[in-house]
Amino acid sequence: TVYTSEKFLEFWDVWPKSKRKQSKPECFKKWKARKLDQIADKIIEHVKVCKESSQWKEGYEPAPLTYLNQGRYEDDLPEDDWAPKQR
């Protein structure tokens with residue numbers, strides 16, 4: 001597969017290195033179909049924040065294809081790591 005989007009490659013590079021990081025060709029198809037280059041910076045920043053969350057660090061990050069299919073880049077950013085804990 002020829003990846004013709006620099007923004008997609010940046011997204012792929014930012015994604016955490018784990019066994020869930022798979023299906024790059026399918027992810028690229030989804031990226032192109034949804035024209036995600038238009039909001040790529042938002043998506044990349046969302047991934048950067050999410051991968052620092054305790055959930056993702058504990059291995060509960062979604063597969064990148066699931067993330068794209070479900071439009072999770074539209075979700076709120078995780079609060080657990082930057083908001084004060086309520087006790």
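Which residues of helix α1 (residues 6-14) are buried? They are Phe8, Phe11, Trp12 and Val14. Buried means under 20% relative accessible area, exposed over 50%, and partly exposed in between, with a 1.4 Å probe and protein chains only. Helices (H or I, at least four residues) are DSSP runs, numbered from the N terminus.

This is a predicted model, in which local features need pLDDT of at least 70 and side-chain atom pairs count only at pLDDT 80 or more, while totals for chains, interfaces and linings use all residues. Residues are numbered from 1 along each chain as its sequence is written, and side-chain values use heavy atoms, with hydrogens and water left out.

**Helix α1**

Phe8, Phe11, Trp12 and Val14 are the buried residues of α1. They cover an arc of only 165° around the axis, so they sit on the same side of α1; the arc is that of the directions from the helix axis to the C-beta atoms. Their cover includes α2 (24-33), α3 (40-50) and α5. Glu6 and Asp13, on the other side of α1, are exposed.

**Salt bridges**

There are 6 salt bridges in the structure, each being a side-chain nitrogen of Lys or Arg within 4 Å of a carboxyl oxygen of Asp or Glu.

Salt bridges with shared partners join Lys7, Glu10 and Asp41 into one network. Lys7 and Glu10 are 3 residues apart in α1, about one turn of the helix. Lys7 is partly exposed at 28% relative accessibility, as is Glu10 at 32%. Glu26 and Lys29 are likewise 3 residues apart, in helix α2. Lys29 is exposed at 54%, whereas Glu26 is partly exposed at 39%.

**Glu61**

Glu61 lies in the loop between α4 (54-60) and α5 (64-69). Glu61 is buried but has no salt bridge, the nearest side chain of opposite charge being Arg20, 5.0 Å away. Lys and Arg count as positive and Asp and Glu as negative; His and the chain ends are not counted. The side chain of Glu61 makes a polar contact with that of Ser18 at 2.4 Å.

**Cysteines**

Cys27 is buried at 0% relative accessibility, and Cys50 is buried at 5%.

Definitions and conventions
Helix = DSSP H or I, 4+ residues; strand = E, 2+ residues; numbered from the N terminus. Polar contact = N/O pair within 3.5 Å; in protein donor to acceptor, adjacent residues only side chain to side chain. Contact = heavy atoms within 4.5 Å.
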